[in-house]
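This report covers the pockets of one protein model and the surroundings of its ligand. Please keep the sequence and the structure in view while reading.

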Amino acid sequence: MSTNFETINYEVKEGVGYLTINREKALNALNSQVLTELKTLLTDLIEKKSYETKGIILTGAGEKAFIAGADIKEMADMTVDQAKEFGELGQSVTTLFEKLHIPVIACVNGFALGGGCEIAMSCDFIYATNSAVFGQPEVKLGLIPGFGGTQRLSRYIGRNRAREIVYTGRNMKAEEAHRVGLAVWVFESKEDMIKGALNAFSMMSKVSPLAIETAKKVMNDGNDLTVEQGLQCELDQFANIFGSEDMKEGTKAFMEKRAPNFTGK
Ligand code: CAA
């Protein structure tokens, strides 16, 4: 796996991956380099497909921002064709987060604006601190969200609320983001938030990684389907998983009144 990154940092400690956007001076804004490095890392992780890392905590460097959006300075002079390429790159990163076989928790401290909110929404769920600020302020710059905000925000908070946020460009503080279902939990500090995420991964380390991966796939795929099609997708995967060693082990361990030993097979 490539570890030659300049604008992101990725390290695995005790089975948890810590992925940090590392442009603190620019409030972790997403330029082409950050997006390309994220794409490389996520592609490598997907190709390698190991369950040794249970999941990933995504944060922004420093105390002020998770990610303050796509890099406005880089975008300012882009042509239509260059913008398309840039948008495709950003969207490919959000899609890779969704396709990753292990869960990612977006740990949002400070600003998660524009592309930052969009990256957070492509993770499996969002934790936030009291100081978190979410928003899609693109209209204030004369543009629209380009890394999935027009699509994923509605799926998170409903179309009416999403329209109001996108059309006004106003910010949502942590309390509102929690109330409308964008942030799952709000913590007092970044330290508490990371502890909360580690606690979630500790619980996940006791269950089947294959079951988590399959649930993630069905829940993500189902977003774009009718209930009927989604149920079919669920049924197929529900049946498939009966062919796995993890399913045999989990049910056997239950009957033998012991802890299961899952391998992800
Ligand atoms: N792009 C590039 N640089 C950014 C940035 C961004 N999105 N956000 C912040 N920065 C830079 C600032 O330019 C500044 O750099 P300099 O010191 O070199 O001038 C540095 O980060 C610190 O920022 P501020 O001085 O502005 O800090 P502040 O505390 O006064 O304000 C803020 C913080 C409210 C987040 C403000 O920085 C801001 O409004 N940033 C832009 C937010 C935004 O509009 N995001 C959406 C971008 S468009 C997008 O994301 C499109 C898409 O969907 C793909």
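Helices (H or I, at least four residues) and strands (E, at least two) are DSSP runs, numbered from the N terminus. This is a predicted model, in which local features need pLDDT of at least 70, side-chain atom pairs count only at pLDDT 80 or more, and totals for chains, interfaces and linings use all residues. Residues are numbered from 1 along each chain as its sequence is written, and side-chain values use heavy atoms, with hydrogens and water left out.

**Pockets**

A pocket is an open set of points on a 1 Å grid over the protein atoms alone, where a 1.4 Å probe fits and protein lies on both sides within 12 Å along at least five of seven lines; lining residues have an atom within 4 Å of a point. Points are joined across faces, edges and corners, and the volume is the space filled by probe spheres set on them. For residue classes, Ala, Val, Leu, Ile, Met, Phe, Trp, Tyr, Cys and Pro count as nonpolar, Asp, Glu, Lys and Arg as charged, and the others, Gly among them, as polar.

| Pocket | Volume | Lining classes |
|---|---|---|
| Largest | about 910 Å³ | 10 nonpolar, nine polar, 10 charged |

The largest pocket has 29 lining residues, and Glu98, Lys216, Met219, Asn220 and Asn223 lie nearest its centre. Helices H3 (80–99), H4 (115–122), H5 (149–157) and H9 (209–222) each give two or more residues to this lining. H9 gives the most, with eight residues. Domain 1 (8–204) and domain 2 (209–255) each contribute at least three residues to the lining of the largest pocket; the domain bounds come from an automatic or database assignment.

In the second largest pocket, 25 residues form the lining, with Met75, Glu138, Leu143, Ile144 and Gly146 nearest the centre. Two or more residues come from each of helix H2 (72–75), H3, H4 and H5. The largest share, four residues, is from H3.

**Ligand**

The ligand is surrounded by 24 residues, the closest being Lys64, Ala70, Gly115, Glu118 and Glu138; a residue counts if one of its heavy atoms lies within 4 Å. By class, this shell has 14 nonpolar, four polar and six charged residues. H2 gives the most to the shell, with three residues.

A polar backbone atom of Gly115 is 2.8 Å from a ligand oxygen atom.

Conventions: A polar contact is a pair of N or O atoms within 3.5 Å; within protein, one must be able to donate a hydrogen and the other to accept it, and residues adjacent in sequence count only if both atoms are side-chain atoms.
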